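Grab a pencil and have a look at the model below.

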Amino acid sequence: MNRMNSIFRLVQGRTYGTVAAMLFFIVATCSFTACSKDDDTPSFVSPYAESRTVMVYMVAENSLSSNVWGDVHEMLAGMNNDTLRAGDRLVIYLDDLKMPRIYVVDKSTKKTSLSDLTPVLTYEKDVNSASAEQLAAFIDYATSHYPADSYGLVMWSHASGWVPSSFSGDYSNETFGRRKSFGVDNGKNTSTNVGHQMNIVDIGNVLKGEVMLDFLFFDACMMQNIEIAYELRHSTKWVIASPAEIPASGANYLSMTRAMFRDSDYVERMLEAYYYEYCETYGIVVSAVKTSLLDDYAAYMKSIVAAHRSEMMALDSSSMLDYVKYGVWTTDFPDFLDMQGIMLKVLDEEEFARWKAETDKFMTCMQAGHWYSRYNSKNVIDVAQCCGTSMFIPFEKYAYNYWAFNEAYLNTSWAKAVWVE
């Protein structure tokens, strides 16, 4: 199972296959490092300068409802750490098959299971957790009740990148072209994956009105797109996510929780925590995008698109690193092509070297040599084509697709800044 809207489940919750050979990954500059570390676990001992509240928004009124128990258990174990500061807290919003509720965990919490925790707030009736209004209410509650010097946000659920919602209740003739991609809330307290999804634009607007995050970590499928990162550039310093499908069990929060509370190297440690959990089994591509440089980068990319638009439109996606293969796996999603693979196809050697240098200023990637999907078991990663962030091209083959991918794309902030002539 993965965190696209799927009914499949992982065996033992954490592996979806086995790989006999040692895998390798690239970090930013494409230098190779072995998959495993000498001690197998990132080191988390470092001094801290500030307190941090990490908000965890778990939208699990869907097929992921059974996965929350394991992840919260790992969070509790991760918070049992003497290196954490007294002001470091996890504030967990959980909407599964029960009434939504909020838990607070810090280093003094000695519970080991979700069933042992007492909520600080339990909702009297069900709410739509895949709505901007509910996300805003949670962030307001967390930041006002548990203020800190810095904040992080984990968004945990199904997701589908930047593309329009597949749920008819999310659109009308006026709003069909809007991006709605995060979360599934079916409103029935069941495990079905038919339900509301959240608009990326709304997520950005909520965060701009509440707090500037140190990081936004999407523990959800296909959320590392340049379109999403650009939309959130004024809401968070870093976007950490995968451009591909991820296992239903998500991050190993024993290591991820400890990484999220580090001071200066939390981004590096978060990438490591996710990577080392899956590099030898399910496979993984995970990256971090520093958003403060994206306005300048968009201006640079606009010049590339202007010079190479025709070459981009003529690309054959079958020969490229494609995280979701349109028409091969499904027509519910377009191709999710890695940006680096696109640039390798359309730029000459000198142009590509400059593009790589500009991109490496704000993007860091770790990848295994493969990943697994629900559509086509094992997928090999061409590391030469991989920067860990996808970019959409409005190919003609999408022009008459029911999901109106091209129309929706041209309404994104990224397309308006880069693609529209």
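**Exercise 1.** Which residues does Arg262 join in a network of salt bridges?

*Solution.* Start with the rule: a salt bridge is a side-chain nitrogen of Lys or Arg within 4 Å of a carboxyl oxygen of Asp or Glu. Applying it links Arg262, Asp265, Arg269 and Glu272 in one network. In the whole structure there are 11 salt bridges.

Before going on, a word on what you're looking at. This is a predicted model, where local features need pLDDT of at least 70 and side-chain atom pairs count only at pLDDT 80 or more, while totals for chains, interfaces and linings use all residues. Residues are numbered from 1 along each chain as its sequence is written, and side-chain values use heavy atoms, with hydrogens and water left out.

**Exercise 2.** Work out which parts of the chain Asp214 ties together through its salt bridges with Arg52 and Lys237.

*Solution.* Step one: take Arg52, whose side chain meets that of Asp214 at 2.8 Å, N to O. Arg52 sits in strand E3 (residues 52-59) and Asp214 in the loop between helix H3 (200-210) and strand E10 (215-219), so this pair ties together parts 162 residues apart in sequence. (Helices, H or I with at least four residues, and strands, E with at least two, are DSSP runs numbered from the N terminus.)

Step two: turn to Lys237, where the closest N and O atoms of the bridge to Asp214 are 3.3 Å apart. Lys237 is in the loop between helix H4 (226-231) and strand E11 (238-241), and this pair, 23 residues apart, also links distant parts of the chain.

Step three: check the exposure. Buried means under 20% relative accessible area, exposed over 50%, and partly exposed in between (1.4 Å probe, protein chains only). Asp214 counts as buried because its relative accessibility is 8%, and Arg52 is buried too. Lys237 has a relative accessible area of 42%, so it is partly exposed.

**Exercise 3.** Are the partners in the Arg85 and Asp88 salt bridge buried or exposed?

*Solution.* First, the bridge: these two side chains meet at 2.8 Å, N to O. Next, the numbers: Arg85 has 15% relative accessibility, so it counts as buried. Asp88 comes in at 0%, so that residue is buried as well.

**Exercise 4.** Which backbone nitrogens does the side chain of Asn186 reach?

*Solution.* Find Asn186 in the loop between strand E8 (182-185) and strand E9 (196-198). With a relative accessible area of 8%, Asn186 is buried. A polar atom of its side chain lies 2.7 Å from the backbone nitrogen of Lys188. The Asn186 side chain also reaches the backbone nitrogen of Asn189, at 3.3 Å.

Key:
Polar contact = N/O pair within 3.5 Å; in protein donor to acceptor, adjacent residues only side chain to side chain.
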